[in-house]
Amino acid sequence: WTSYSDQKNFAAAAAAHEWILSLDADEELSPELKAALLRWKQGTPEFEVYEMARRAFYLGAWIGHSGWYPDRQRRLYRRGAAAFSGIIHESLRYGGHVGRLHGDLWHYTIRTFGEHRDKVEKYSTLAARQMMDSGRRHWRAGMWLAAPWAGFRSYVVRAGFLDGSRGLRIAYMAARTVWLKYQKLGRLLELR
């Protein structure tokens, strides 16, 4: 195991058909998206890559704001036209025009706040290592400026307040993630 990106690219290379629909284990097609895919299959593809909106089910409810929706994901593509990249949140990289399918990709992401806290710990560690490997050396300003901005952006700018208490928790954890990744970057740099 090296990364999600490598795993998805390996699976795509082993696929038997020309087109690939990449889904994670915690994702499901909405009925509207299933219908859009069936219509797409009956026609001639206009694009090499297609994206769809992803809607997160967080702490027992669907999230409609907070920067989490529509969270467009490129998941349908012609094999060989695009590839996944990224260590933490892998995404399909493609330089051309992208088509769009209607309907939501349902993402059953986090069931408990403790689960969210654990993910933040894991992802912030990976992010800190990635930042250090890419040559990032400044971390204090990120802790004190970028972290509060991440929370404010999620809750106010991206209308997280419309998601109620869940939006507040998402904003808090957005700020915490940024705080931790810069804090961990600082620790990694001190160990060098």
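Start by selecting helix 1 and colouring Phe10, Ala13 and Ala14: these exposed residues sit on the face of helix 1 that is turned away from its buried side. Keep in mind during the tour that the model is predicted.

**The other face of helix 1**

Helix 1 covers residues 4-14, and its buried residues are Ser5, Lys8 and Ala12. Select these three next. Around the axis they take up an arc of only 70 degrees, so they lie on the same side of helix 1. The spacing follows a general rule: an α-helix has 3.6 residues a turn, so residues three or four places apart point the same way.

What lies over this buried side? Show strand 1 (19-21), strand 5 (73-78) and strand 6 (83-85), which are among the elements that cover the buried residues of helix 1.

**The whole chain**

Now zoom out and show the protein chain as a cartoon. It contains five helices and eight strands. Followed from the N terminus, the order of elements is α-β-β-α-β-β-β-β-β-β-α-α-α. The C-alpha trace spans about 55 × 40 × 30 Å along its principal axes. The chain has 192 residues, of which 39% count as buried. Among contacts with a separation of 6 or more, 76% are between residues 24 or more positions apart.

**Helix 3 and helix 5**

Select residues 113-133 for helix 3 and residues 164-191 for helix 5. At what angle do the axes of these two helices cross? They cross at roughly 40 degrees and come within 8 Å. Helix 3 and helix 5 are therefore oblique to each other, and helix 3 passes helix 5 in a right-handed crossing.

To see the contact, show side chains on both helices. On helix 3, the residues involved include Phe113, Val120, Ser124, Ala128 and Met132. On helix 5, they include Tyr172, Arg176, Leu180, Lys184 and Leu188. Sorted by type, the residues of this contact comprise 13 nonpolar, four polar and seven charged.

**Serine 154**

Finish in helix 4, residues 140-157, and select serine 154 there. Is serine 154 buried or exposed? Its relative accessibility is 4%, and so serine 154 counts as buried, the cut-off being under 20%.

Which residues does serine 154 touch, apart from its neighbours within four places in sequence? Select Ser66, Ala159, Gly160, Ile170, Ala171 and Ala174: serine 154 is in contact with each of these. Of these partners, Ile170, Ala171 and Ala174 fall within residues 164-191, the range of helix 5, which brings the tour back to a helix already visited.

How values were computed
Residues numbered from 1 in each chain as written. Predicted model: local features only at pLDDT ≥ 70, side-chain atom pairs only at ≥ 80, totals over all residues. Heavy atoms only, no water. Axes fitted to C-alpha atoms, helices over the stretch in contact; angles between N-to-C directions. Helix = DSSP H or I, 4+ residues; strand = E, 2+ residues; numbered from the N terminus. Parallel < 35°, antiparallel > 145°, perpendicular 65-115°, else oblique. Left-handed = near helix turned anticlockwise from the far one by under 90°. Contact = heavy atoms within 4.5 Å. Nonpolar A, V, L, I, M, F, W, Y, C, P; charged D, E, K, R; others polar. Buried < 20%, exposed > 50% of the residue type's maximum accessible area, 1.4 Å probe, protein only. Arc of directions from axis to C-beta.
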